[in-house]
Amino acid sequence: MACRIEDYGLIGDCETSALVGKDGSIDWLCWPTFSSGACFAALLGSPENGRWQISPATEIVKVSRRYRPHTLILETLFEAKDGRFTLIDFMPVRGKHSDVVRIVRGVQGAVAVRMELAMRFDYGRVVPWVTRCEDGLQAIAGPDMTVLRTSAELHGEDMKTVSEFELKEGEDVTFVLTYGASHEPRPRAIDPHKALEDTEHTWLKWTQRGKTAGPYSEAIERSLITLKALTYKPTGGIVAAVTTSLPEALGGNRNWDYRYCWLRDATFTLLALMNGGYYEEATAWKNWLRRAIAGSPEQLQIMYGISGERNLLEWEATWLPGYEQSAPVRMGNAASNQVQLDVYGEVMDAYLHAELGIEDGDPESFKLPQNMVEHLETIWDQPDQGIWESRGGPQQFTYSKVMAWVAFDRAIRAAEHFGYSDPIARWTELRDRIHAEVCAKAFDNELGSFVQTYGSKMLDASLLLMPLVGFLPNEDPRIKGTIEAIEKHLVSDGLVLRYDTSKVDDGLPPGEGVFLACSFWMVNALKRIGREEDARKLFEHLLSLRNDLGLLSEEYDTTQKRQVGNFPQALSHIALVNAAFSLQGDGNLRHRAPRNKESSSRRASKQQA
Ligand SMILES: OC[C@H]1O[C@H](O[C@H]2O[C@H](CO)[C@@H](O)[C@H](O)[C@H]2O)[C@H](O)[C@@H](O)[C@@H]1O
């Protein structure tokens with residue numbers, strides 16, 4: 001059986017990553033990239049679907065873990081009856097090939113250790129052909145090859161490779177597993193100890209670049225390291241999470257593939273990275289975005305593959321039973337074909353910060369966003385699937401319209417920056433029209449709150465972002481009313497649900513955990529309406545839900561007290577970073593005064609209020 005989600009740790013080389021359980025088992029690894037087939041898929045099935053375990057051969061008495069400070073190098077300390085050893089796991093910075101290095105280091109006594117490797121390519125389905133080679137063992141099936149090199153003795157056992165050895169204090173046994181294409185020569189061997197030194201040096205250099213001071217600096221740094229690990233270095237794309245189909249409710253079917261780049265998630269990541277001082281990554285993402293969305297604006301997608309691929313066809317891996325029997329296991333994501341209007345606002349907001357924030361802008365760079373906004377002019381009033389990617393019918397989602405307002409607002413600011421006059425009057429008229437429409441159709445007087453869709457009675461936690469994007473000022477009673485209504489009706493055990501799945505038809509059976517990003521958004525919202533103490537309490541509660549390594553999945557099951565949903569999830573970590581910066585009173589780009597101090601629509605809304 002797979003571990004609890006929070007019992008996994010993440011290692012990675014910024015092209016892919018692996019999940020290592022507290023039991024020393026790597027249960028998830030897609031190779032060679034985030035969106036490739038997995039060669040270890042026990043996470044979504046059983047050990048027979050591929051895993052790599054190193055653990056005491058006798059009963060485990062205690063396990064504790066940590067990352068080496070400021071790095072993504074994982075150290076698991078196992079205590080058994082016969083002694084203790086540390087398992088050091090990491091993926092070195094990639095050269096031509098990708099490696100997973102596992103160093104087993106004796107700490108005390110003489111411990112019996114067992115290593116068990118079951119390679120299964122293509123998401124746990126294909127048993128490879130395993131043969132010995134002069135310096136190790138190679139496994140081949142179809143396009144894939146892995147090579148295991150070790151100082152330990154190996155033998156075969158029941159379609160697995162096994163090693164059993166005794167480890168004394170101060171001794172090291174090393175294992176290096178390397179991926180290569182099967183038609184190419186075997187990848188070269190690396191020195192695991194040198195790789196450890198280099199990897200540590202690289203992460204230390206990276207973390208030193210950050211500007212993370214203040215009481216929450218440790219949490220911020222861990223989240224930024226996690227976001228960096230979710231970045232696909234060759235292209236700058238950022239995946240929403242490294243897993244597919246970890247369920248939003250245990251045993252349920254809200255199971256999705258997150259190994260893609262959502263414009264929304266990546267845009268929020270960009271702001272978190274810039275707040276954290278990582279402008280190089282922000283620039284790389286900006287360039288990824290330019291390439292991904294290049295072309296006809298009518299063909300804009302809400303998500304792309306790590307290199308900008310558009311075809312993310314959704315299918316089910318029927319041979320995998322799913323995490324704790326949560327079926328189906330899905331690959332690809334049909335939401336890629338949805339219309340979600342908020343994405344235009346998120347991209348324009350990011351454009352304003354990334355383009356004009358980093359480089360002060362090249363007028364050429366505005367052509368693509370300008371086309372996008374011109375297209376939005378023709379579709380902003382249509383119903384869509386919304387931020388939560390509803391699988392029910394399209395609706396007039398309030399958050400989508402708010403973000404359409406953001407798109408025009410930011411486009412106007414960019415046009416002003418470049419000294420254009422032509423589209424400004426048209427966009428200003430539209431921006432103000434959307435503002436007035438949202439205020440008239442999406443505010444419910446009885447609830448004293450904005451609601452999920454025009455004319456409905458349902459609440460939606462995405463509306464916590466309204467003050468953050470500047471749609472209405474913090475002091476507006478409608479903002480306070482919305483925050484308080486969400487607090488009253490969408491908070492479960494102190495944390496925030498996206499919406500009430502038992503009352504809203506989203507095309508799926510009801511039931512999911514509280515949404516961690518929304519709970520961090522609540523921190524921001526409370527701070528904005530002057531409830532700083534409540535904001536801090538909620539933030540610290542949220543910090544306590546991170547696992548022992550500081551990692552968060554998408555949602556939390558407050559009844560079972562377990563993390564649920566894909567893991568580790570960018571959106572949760574982004575929201576953590578932005579909430580922490582907001583509480584610390586520094587950084588948050590969206591808090592900065594806009595260029596033109598107060599837009600006319602905001603002046604108008606203040607008067608209405
Ligand atoms: O809830 C249904 C949808 O769930 C996923 O989307 C969620 O994750 C995305 C990535 O983090 C996020 O951008 C989105 O706002 C979330 O609702 C899933 O990817 C969708 O296919 C699914 O319809």
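Visitor: Where is the place of proline 328?

Guide: Proline 328 sits in the loop between strand 20 (315-316) and strand 21 (330-331). The model here is predicted: local features need pLDDT of at least 70, side-chain atom pairs count only at pLDDT 80 or more, and totals for chains, interfaces and linings use all residues. Residues are numbered from 1 along each chain as its sequence is written.

Visitor: What makes the peptide bond from alanine 327 to proline 328 cis?

Guide: Its omega is near 0°.

Visitor: Which loop holds proline 568?

Guide: The loop between strand 28 (562-564) and helix 13. The peptide bond from phenylalanine 567 to proline 568 is also cis, with omega near -25°.

Visitor: How many helices and strands does the protein have?

Guide: There are 14 helices and 28 strands. They are DSSP runs, numbered from the N terminus: helices are H or I of at least four residues, strands are E of at least two.

Visitor: Why is tyrosine 123 called buried?

Guide: Tyrosine 123 has 23 C-beta neighbours inside 10 Å. A residue is buried if 20 or more other C-beta atoms lie within 10 Å of its own, exposed if 12 or fewer, and partly exposed in between, with C-beta atoms placed from the backbone. So tyrosine 123 counts as buried. Its place is in helix 1 (residues 121-124). Tyrosine 123 has a positive phi of about 60°, although it is not a glycine.

Visitor: Why is methionine 159 called exposed?

Guide: Methionine 159 has 12 other C-beta atoms within 10 Å, so it is exposed. It lies in the loop between strand 13 (155-157) and strand 14 (160-168). Methionine 159 is not a glycine, yet its phi is positive, about 65°.

Visitor: What percentage of the 609 residues count as buried?

Guide: 53% do.

Visitor: How do you know that the radius of gyration agrees with a compact globule?

Guide: The globule rule is 2.2 Å times the number of residues to the power 0.38, and the radius is taken over C-alpha atoms. For 609 residues that gives a value near 25 Å; the protein has 25 Å, which agrees. Along the principal axes, the C-alpha atoms fill a box of roughly 75 × 50 × 45 Å.

Visitor: Why are helix 8 and helix 9 called roughly antiparallel?

Guide: Helix 8 (residues 398-417) and helix 9 (residues 422-441) pack at an angle of about 155°, with their axes 9 Å apart. Axes are lines fitted to C-alpha atoms, for helices over the stretch in contact, and angles run from 0 to 180 degrees between N-to-C directions. Angles under 35 degrees count as roughly parallel, over 145 as roughly antiparallel, 65 to 115 as roughly perpendicular and the rest as oblique. Helix 8 and helix 9 are therefore roughly antiparallel.

Visitor: Which residues of helix 8 meet which residues of helix 9?

Guide: Trp405, Phe408 and Ile412 are among those in helix 8, and Trp427, Leu430 and Ile434 among those in helix 9. Contact means that the C-beta atoms of two residues, placed from the backbone, lie within 7 Å. The residues of this contact divide into 13 nonpolar, three polar and five charged.

Visitor: At what angle do helix 4 and helix 13 pack?

Guide: Helix 4 (residues 263-275) and helix 13 (residues 570-584) pack at about 40°, with their axes 9 Å apart. Phe268 and Leu271 are among the contact residues of helix 4, and Ile574 and Phe581 among those of helix 13.

Methods
Ala, Val, Leu, Ile, Met, Phe, Trp, Tyr, Cys and Pro count as nonpolar, Asp, Glu, Lys and Arg as charged, and the others, Gly among them, as polar.
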